[in-house]
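Visitor: I am new to this structure and would like a short tour. Could you show it to me, please?

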Amino acid sequence: HQISNVEPDCLAWHPASTADLFVGSRDSRILRISLPELAVRETGASGDTQVIRSLTFSPDGTLLATVTGEAVRIQQTASLNAPDPMVIRHQQAPHGAVFSKDNGKLLTWGNDGVVQVWNRVGEKQRWELHGQIRHKAAVSSATFNADGSLFASASSDGTAAVWETRSCLAAGPRLIHTLAGIGVREVQQVRFGPDGRSVLTSTSN
């Protein structure tokens, strides 16, 4: 089966429904598609003309983070055309976004080497900046551990780092540990293990 007149750049399954596929298309549209018939149920706009880099859901499926070359937009999944999405910008192009498992925290990161930590305020899509950290080069990946108490970041500066989420104050999150390999040019991905303390990285040498 094929969906006509759609050139997808990224795909994401709705976590609460295997019948809902979300597609970020090359013409800056977000499409909600029903399976298995591949019918377009709803179409929304990403908010700018930049390529949609990724679509990421909150674990409960109520929120969608759309990352483009310009901004990260947080919106309710109940309607792709709901007014006034939360718009998060970095000094340079953002790379990604991820929610914590309790849906109450958000990480965004980008080419500026910055990871921003956001806290959800109330039940609506209002988010407040809780703190941020900075690498010496672009951030390629970031993630929370299972309980959201820690987050890890990976960068093209050749390092990955683990930070304490709850210590985000004016000085920024507290650095727990830095991982740096000999001869590593870029750390491309970082993930926590099931214990929430061990860290796995993939690198480019």
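This is a predicted model: local features need pLDDT of at least 70, side-chain atom pairs count only at pLDDT 80 or more; totals for chains, interfaces and linings use all residues.

Visitor: Let us start with β5, β6, β7 and β8. What is their order in the sheet?

Guide: The order is β5-β6-β7-β8, in an open sheet of four strands with antiparallel pairing. The twist from one strand to the next averages 20°.

Visitor: And which strands stand at the edges?

Guide: Those are β5 (52-57) and β8 (86-88); each has a single partner strand, so one side of each is left without a neighbour in the sheet.

Visitor: How many bridges pair β6 with β7?

Guide: Strand β6 (residues 63-68) pairs with strand β7 (residues 72-76) over five bridges, in the antiparallel sense. Within that pairing, Leu 63 has Gln 76 of β7 as its bridge partner.

Visitor: Turning to β3 and β4, how do they run?

Guide: Strand β3 (residues 29-34) and strand β4 (residues 39-45) run antiparallel and are joined by six bridges. Ile 30 has Gly 44 of β4 opposite.

Visitor: What lies between the strands of that hairpin?

Guide: There are four residues between β3 and β4, and Leu 38 in this hairpin takes a positive phi near 55°.

Visitor: A new topic: is Lys 105 buried or exposed?

Guide: Lys 105, which lies in strand β10 (residues 105-110), is buried, because its relative accessible area is 16%, and the cut-off for buried is under 20%.

Visitor: Which residues is it in contact with?

Guide: Leaving aside neighbours within four places in sequence, the contacts of Lys 105 include Val 98, Phe 99, Trp 118, Trp 127, Phe 144 and Thr 165.

Note on methods. Residues are numbered from 1 along each chain as its sequence is written. Side-chain values use heavy atoms; hydrogens and water are left out. Two strands pair if DSSP finds at least two bridges between them. Helices (H or I, at least four residues) and strands (E, at least two) are DSSP runs, numbered from the N terminus. Buried means under 20% relative accessible area, exposed over 50%, partly exposed in between (1.4 Å probe, protein chains only). Contact means heavy atoms within 4.5 Å. Axes are lines fitted to C-alpha atoms, for helices over the stretch in contact, and angles run from 0 to 180 degrees between N-to-C directions.
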